[in-house]
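Please work through each task with the structure at hand before reading its solution.

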Amino acid sequence: MSAYVLVAEDDEKQAELIRRYLVHAGYAVTVVHDGPTALDMAAHRPPDLLVLDWMLPGLDGLEICRRIRATGDMPLLMLTARSTEDDLLLGLDMGADDYMTKPFRPRELVARVRTLLRRTRQRERTADVLLEAGPLTVAPDRHEVSVNGRPVNCTPSEFRLLSTLVAAPERVFTRAQLLHCIADHGRAVTERTVDMHVVNLRKKIEISPRRPELLLTVHGVGYKLSRGRRDV
């Protein structure tokens, strides 16, 4: 059965171009042109992946992303004409799995969609295992994180970064290695993206984010996850 992709893009010519390439690649596709309709469609017929334009009428892409992330982990590819690093970080912080700036090559968009869907299928096939380091527990198949039993809500990119670290406690990862685990296709982003995710994760898993005991900086190298225990 082909994967179902919802495309939310207000530029009708752009939307039709995306639709044609995705259909040619074998996907079932629905196109909508405004924010409220996109949110309604995502709720009533959840797609396997959402291609979401940032600047939609009625409700912008960031707000849609925020609302979807409050209830689930649907794969989400953000499209935007904004190209600054701060815009990229904002989109990722709101929960986008991937990010493409306009203009883009339709064939690259199809490749990004294929990659995100493959990640989802791999996660669904993962055995029901738990990854643990000190008080931190990660359930890859259920996309769940907890600290001393307290649930922690992570964006998909934060979850992938944390899963990489918790799978190898005390191992030091460079920023480049961690960036590779959350981004594909050689996007023009810097390692500050990793720093942004680390800052957000520390707010969620540390007692004192300014004095972290779990997610540690290894100066001049990168980051590691400590096995050290602590109370909440």
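**Exercise 1. Determine which residues of helix 8 are buried.**

Solution. Begin with the buried positions: T193, V194, H197, V198, N200, L201, R202 and I205 in helix 8, where buried means under 20% relative accessible area, exposed over 50% and partly exposed in between (1.4 Å probe, protein chains only). Helices (H or I, at least four residues) and strands (E, at least two) are DSSP runs numbered from the N terminus. The model is predicted: local features need pLDDT of at least 70, side-chain atom pairs count only at pLDDT 80 or more, and totals for chains, interfaces and linings use all residues. Residues are numbered from 1 along each chain as its sequence is written, and side-chain values use heavy atoms, with hydrogens and water left out.

Next, consider the length. Helix 8 covers residues 192-205, and its 14 residues reach 20 Å from first to last C-alpha, close to the 20 Å expected at 1.5 Å a residue; the expected span is 1.5 Å times one less than the number of residues.

**Exercise 2. Describe how helix 7 packs against helix 6 and helix 8.**

Solution. Two packed helices are described by the angle between their axes and the distance between the axes.

Step 1. Helix 6 (residues 156-166) and helix 7 (residues 175-182) pack at about 130°, with axes 9 Å apart. Axes are lines fitted to C-alpha atoms, for helices over the stretch in contact, and angles run from 0 to 180 degrees between N-to-C directions. Helix 6 is therefore oblique to helix 7; angles under 35 degrees count as roughly parallel, over 145 as roughly antiparallel, 65 to 115 as roughly perpendicular and the rest as oblique.

Step 2. In this pair, S157, R160, L161, T164 and L165 of helix 6 meet L178, C181 and I182 of helix 7, contact being heavy atoms within 4.5 Å.

Step 3. Helix 7 and helix 8 pack at about 80°, with axes 9 Å apart. Helix 7 is therefore roughly perpendicular to helix 8. Here R175, L178, L179 and I182 in helix 7 meet T193, V194, D195 and H197 in helix 8.

**Exercise 3. Is D53 buried or exposed, and what does its side chain contact?**

Solution. D53 lies in strand 3 (residues 49-53). Because its relative accessible area is 3%, D53 is buried. Its side chain makes a polar contact with the side chain of K102 at 3.0 Å. Leaving aside neighbours within four places in sequence, the residues in contact with D53 include A8, E9, D10 and K102.

Notes. Polar contact = N/O pair within 3.5 Å; in protein donor to acceptor, adjacent residues only side chain to side chain.
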